[in-house]
Amino acid sequence: MKTLKEVAVGEKAIVKRLTGEGALKRRIMDMGVTKGVEIYVRKVAPLGDPMEVTVRGYELSLRKGEAESILVE
């Protein structure tokens, strides 16, 4: 499995698991990123932080640390 951070711009991925702990995991889940959800990577900033993704029909910005804690297929 790879992390969301490793998904290229323009690709889609399915969330398999969240590896974050406590507040980080809860925050990611509150944004709608849960197991089985499809994520489309729209843009990535020049230095890779943050990245813009589409989740459940809306745009969301995620930092590197958050993207690394999302395992995708």
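## Contacts and overall dimensions

Of the contacts in the chain between residues at least 6 apart in sequence, 56% join residues at least 24 apart. The structure described here is a predicted model. Its C-alpha trace spans about 30 × 25 × 20 Å along the principal axes. The radius of gyration is 11 Å, which agrees with the value near 11 Å that a compact globule of 73 residues would have.

Buried residues account for 37% of the 73 residues in the chain. The chain exposes about 4400 Å², and carbon and sulfur atoms supply 49% of that area. Its side chains include 14 positive and 11 negative ones, and the centres of these two sets lie 2 Å apart.

## Secondary structure and sheet order

The chain contains two helices and six strands. In sequence order these elements follow the pattern β-β-α-β-β-β-α-β.

The six strands form an open sheet with antiparallel pairing, in the order β1-β6-β2-β3-β4-β5. Strands β1 (2-3) and β5 (58-62) are the edges of this sheet, and each of them pairs on one side only.

Strand β2, residues 12-18, pairs with β3 in the antiparallel sense over three bridges. Across this pairing, Lys12 stands opposite Tyr40 in β3, and the bridge partner of Ile14 in β3 is Glu38. Strand β2 is also joined to strand β6 (residues 70-72) by three bridges, and these two strands run antiparallel. Here Leu18 has Ile70 in β6 as its bridge partner.

Strand β3 (residues 38-44) pairs with strand β4 (residues 51-55) over five bridges, again in the antiparallel sense. Ile39 has Val55 in β4 as its bridge partner, while Lys43 stands opposite Glu52 in β4. The two strands β3 and β4 form a hairpin with six residues between them. Within the turn, Gly48 has a positive phi of about 85°.

Thr3 counts as buried because its relative accessible area is 14%, under the 20% cut-off. Not counting residues up to four places away in sequence, Thr3 touches Ala67, Glu68, Ile70, Leu71 and Val72. Among these contacts, Ile70 is also the bridge partner of Leu18.

Ala67 is placed in helix α2, residues 64-68. Its relative accessible area is 0%, and Ala67 is therefore buried. With residues up to four places away in sequence again left out, Ala67 touches Thr3, Leu4, Lys5 and Met51. Met51 falls in strand β4, which covers residues 51-55. Ala67 and Ala8 are 59 residues apart along the chain, and their C-alpha atoms are separated by 12 Å.

Met31 is found in the loop between α1 (22-30) and β3. Met31 counts as buried because its relative accessibility is 14%. Leaving aside neighbours within four places in sequence, Met31 is in contact with Tyr58, Leu60 and Leu62.

Met31 and Gly48 are 17 residues apart in sequence, and their C-alpha atoms are 20 Å apart in space. Gly48 is the turn residue with a positive phi in the hairpin of β3 and β4.

Methods. Residues are numbered from 1 along each chain as its sequence is written. This is a predicted model: local features need pLDDT of at least 70, side-chain atom pairs count only at pLDDT 80 or more; totals for chains, interfaces and linings use all residues. Side-chain values use heavy atoms; hydrogens and water are left out. Helices (H or I, at least four residues) and strands (E, at least two) are DSSP runs, numbered from the N terminus. The radius of gyration is taken over C-alpha atoms; the globule rule is 2.2 Å times the number of residues to the power 0.38. Buried means under 20% relative accessible area, exposed over 50%, partly exposed in between (1.4 Å probe, protein chains only). Contact means heavy atoms within 4.5 Å. Accessible areas come from the Shrake-Rupley method with a 1.4 Å probe; for residues, only the protein chains shown count as cover. Lys and Arg count as positive and Asp and Glu as negative; His and the chain ends are not counted. The place of a charge is taken as NZ of Lys, CZ of Arg, CG of Asp or CD of Glu. Two strands pair if DSSP finds at least two bridges between them.
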